[in-house]
Amino acid sequence: MTDQISLAVDVRDLDLRAAHGDLRQSRLNGSIRVDHGDGRQMIAVNLRQKDMQIEGSAEVSAESIKFDRLTARAGGARLLASGSIRRDETFGYAVDGTVENFDPARFGDFPQARLNGTLRAQGELLPDWNAAVQFQVARSQLKAIALSGDGKARVTRSHVQDADIRIDYGGNKLTLKGNFGSAGDVLDFSLDAPRLDRLEETANGQLQLSGTVAGTRARPSIKARLQARKLGFGEFHVDEAQADIALTQADDPAIRVQALLRQPGRGGLAVDSAEATIDGTLGSHVIDLSVAAPELHLVSRLEGGWGWSQQSWSGTLVQLENVKGDYPFRMNRAASLELAPDHVHLGATAVTFSIAELELAETRIGNDGLRTTGAIKGVRAARVLALMDKPPVIDST
């Protein structure tokens, strides 16, 4: 004789936020029913609250867990899902889902959206998870901006294979195609963003980025080209920008960067152009920088490298001079330089201006402000007074 067991539970004022802090506070009412017999359990859930409903059924056996249907509704939005999980050494799974006018914000602290699309995934959870994923999104919006796309890929913890993905968000288009994660893999990427303001509220302008990523997550190689027009991020703005970037993996990765900015500036301060070149390896490279304006031509060279353990750049400021305008200057001695997120350290150096000579000891900039010592000599009083808006009536040499 086979034992038959049935259990019915009435649910009152169930709060989903208690299960997950990002979910919407709720007071769901309904029932959960469990029927056990012949080595199987049948589970049925039906919960409601005003315009919200969650219902579904599942079958649990020694071999598998099957979700015949799971439905979540809120107003005119609906999410439908079904799937199964094998109860073996690999925990193989398959999931199919459909969303119709689905707004995640109706269910919790998520971005407002109206999503229509499908998702299919299958793979194994053990010994290492993997998934073959297909998706399609159409007639959708995210934060009131049109969203569409489709794609497929096979994904593991360290690999992406057979990726073919296209996403259009407010006219900004991203494409990914290829493989990444193993030797010989190449993943092509392209971003055509004529409306940056739709990706970031503080941004504006047009940007194009394309290139390839090869190798593995631990040792990727990158080739990329960036072009931008009328670009702005907060107070920073640039009329035109272009850059070529190449990072080739080795024990000390080779790096090559060429960048040109036209009319870059911040707030009301702007220059005609800025150029930068980086050549060498991450651990040992040369950086050449130049900035041009009507009364300025600043040239500098740095030699050093990035330290992963210290998370900082350290090396030598070899050259720093302005060769144009009324106030040229030149650094006479190379100085040690360290740049980190929380501090800047410049070693002792000397600078000759057209109106003075400056001797500097160590200069440090950190959380406690700027600290430096030094001496200035050879100041010509007439030149200093000429810098003032209203110089006093003084005759001097």
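Buried, in this presentation, means under 20% relative accessible area, exposed means over 50%, and partly exposed is in between, with a 1.4 Å probe and protein chains only. The model before you is predicted, so local features need pLDDT of at least 70, side-chain atom pairs count only at pLDDT 80 or more, and totals for chains, interfaces and linings use all residues. Residues are numbered from 1 along each chain as its sequence is written, and side-chain values use heavy atoms, with hydrogens and water left out.

I begin with salt bridges. The term denotes a side-chain nitrogen of Lys or Arg within 4 Å of a carboxyl oxygen of Asp or Glu. A search of the whole structure finds 24 salt bridges.

One of them joins the side chains of Arg-69 and Glu-55, at 3.8 Å from N to O. Arg-69 lies in strand β5 (residues 64-74) and Glu-55 in strand β4, so this pair ties together parts that are 14 residues apart in sequence. Strands here are DSSP runs of E with at least two residues, numbered from the N terminus. Arg-69 counts as partly exposed at 40% relative accessibility, whereas Glu-55 is buried, with a relative accessible area of 16%.

Another salt bridge is formed by the side chains of Asp-13 and Arg-27, at 3.3 Å from N to O. Asp-13 lies in strand β1 and Arg-27 in the loop between β1 and β2 (28-37), so the pair ties together parts that are 14 residues apart in sequence. Asp-13 is partly exposed at 41% relative accessibility, and Arg-27 is exposed, with a relative accessible area of 54%.

The side chains of Asp-197 and Arg-195 also meet in a salt bridge, at 2.9 Å from N to O. Asp-197 is partly exposed at 32%, and Arg-195 is partly exposed at 33%.

Let me return to strand β4, residues 52-60, where Gln-53 lies. Is Gln-53 buried or exposed? At 9% relative accessibility, Gln-53 counts as buried. Its side chain makes a polar contact of 3.3 Å with that of Arg-48 and another of 3.5 Å with that of Glu-55. A polar contact is a pair of N or O atoms within 3.5 Å; within protein, one must be able to donate a hydrogen and the other to accept it, and residues adjacent in sequence count only if both atoms are side-chain atoms. Not counting residues up to four places away in sequence, Gln-53 touches several residues, including Thr-71, Ala-72 and Arg-73. Contact means heavy atoms within 4.5 Å.

In strand β1, residues 5-14, we find Ser-6. The side chains of Ser-6 and Asp-35 are joined by a polar contact of 2.7 Å. Leaving aside neighbours within four places in sequence, Ser-6 is in contact with Arg-33, Val-34 and Asp-35.

Strand β23 (residues 312-322) pairs with strand β25 (residues 335-340) in the antiparallel sense over five bridges. Pairing requires that DSSP finds at least two bridges between the strands. Trp-313 has Leu-339 of β25 as its bridge partner. Strand β25 is also joined to strand β26 (residues 343-346) by four bridges, and these two run antiparallel. Together β25 and β26 form a hairpin with two residues between them. The bridge partner of Ala-340 in β26 is His-343. His-345 is also found in β26 and is buried, with a relative accessible area of 14%.

Finally, some backbone features. In general, most residues other than glycine have a negative phi, and most peptide bonds are trans. Leu-126 sits in the loop between β8 (113-124) and β9 (130-142), and counts as partly exposed at 40% relative accessibility.

Asn-101, in strand β7 (residues 92-102), has a positive phi of about 50 degrees although it is not a glycine. Asn-101 is partly exposed, at 37%. Lys-143 likewise has a positive phi, of about 55 degrees, and is not a glycine. Lys-143 is placed in the loop between β9 and β10 (145-156) and counts as exposed, at 59% relative accessibility.
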